[in-house]
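Welcome! Please take a moment to look over the sequence and the model before reading on.

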Amino acid sequence: DLTKLNIIFIILVPIVANHYYGSIGVFPIDTFAFFDSSNLINKGFLPIRDYWTSNGFLLDLIQSIFFKIFGVNWQIYLLHSSIVNFLFTFFTYKFLISEGLNHKYSLLYSLCAGILAYPSSGVPFPDHHSSIFSIIALYNLAYAIKYNKKKNWILLPICLFVAFFCKQAPAA
């Protein structure tokens, strides 16, 4: 079935692309900022109370959960951003399909979005998280207006909440 093959591509391409580009070089201040702060949370420190953060603190909390469950290492750090990249690609695909674009073009455009969205930094980053969850919120707004389903009206503020507490600037 073509749709099942599309879903396989939607899972693999954004995750593999993000993992690949996230492993090429580092920028010491930007790349490790949330690695260190997430590790601090697992050692009992809390953002704002115990250390200063210039962005929203939700990214640190989410990453600390990944570290708590899977251990502290680079691959798990990349897994977090890769999953968000996959979510963005998946919701873009679903949105394009719902707008009447055929499966072939929906797949192409969503994969392009997944290759461009997170791999530019590769690691969890507040700007990317906030932008991605803001766009997913816009998808939910479009669904809510078009189909008037209660779940979309509920998901809309949740996505905006996540976006805002990752970084305020794009979400606001």
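## About the model

This is a predicted model, in which local features need pLDDT of at least 70, side-chain atom pairs count only at pLDDT 80 or more, and totals for chains, interfaces and linings use all residues. Residues are numbered from 1 along each chain as its sequence is written, and side-chain values use heavy atoms, leaving out hydrogens and water.

## Getting to know S130

Let's start with S130, which sits in helix α6, residues 126-147. Helices here are DSSP runs of H or I with at least four residues, numbered from the N terminus. S130 counts as buried because its relative accessibility is 0%; buried means under 20% relative accessible area, exposed over 50%, and partly exposed in between, with a 1.4 Å probe and protein chains only.

The side chain of S130 comes to 3.0 Å from the backbone oxygen of A163. A polar atom of that S130 side chain also lies 3.5 Å from the backbone nitrogen of A171. Setting aside neighbours within four places in sequence, S130 is in contact (heavy atoms within 4.5 Å) with A163, C166, K167, P170 and A171.

## A look at G71

G71 is found in the loop between α3 (58-70) and α4. With a relative accessibility of 24%, G71 counts as partly exposed.

Not counting residues up to four places away in sequence, G71 touches F66 and I76. G71 and T53 are 18 residues apart along the chain, and their C-alpha atoms are separated by 23 Å.

## The largest pocket

A pocket is an open set of points on a 1 Å grid over the protein atoms alone, where a 1.4 Å probe fits, with protein on both sides within 12 Å along at least five of seven lines; lining residues have an atom within 4 Å of a point. The volume, the space filled by probe spheres set on the points, is about 310 Å³ for the largest pocket. Of its 16 lining residues, F91, N140, Y143, N152 and L155 are the closest to its centre.

Helices α4 (74-98), α6 and α7 (150-166) each supply at least two residues of this lining. By class, the lining has 11 nonpolar, 2 polar and 3 charged residues. Ala, Val, Leu, Ile, Met, Phe, Trp, Tyr, Cys and Pro count as nonpolar, Asp, Glu, Lys and Arg as charged, and the others, Gly among them, as polar.

## The second largest pocket

The second largest pocket has a volume of about 220 Å³. Its lining has 15 residues, with A33, F34, T53, S54 and N55 nearest the centre. Helix α2 (residues 28-42) gives the most to this lining, with 7 residues.

Key:
A polar contact is a pair of N or O atoms within 3.5 Å; within protein, one must be able to donate a hydrogen and the other to accept it, and residues adjacent in sequence count only if both atoms are side-chain atoms.
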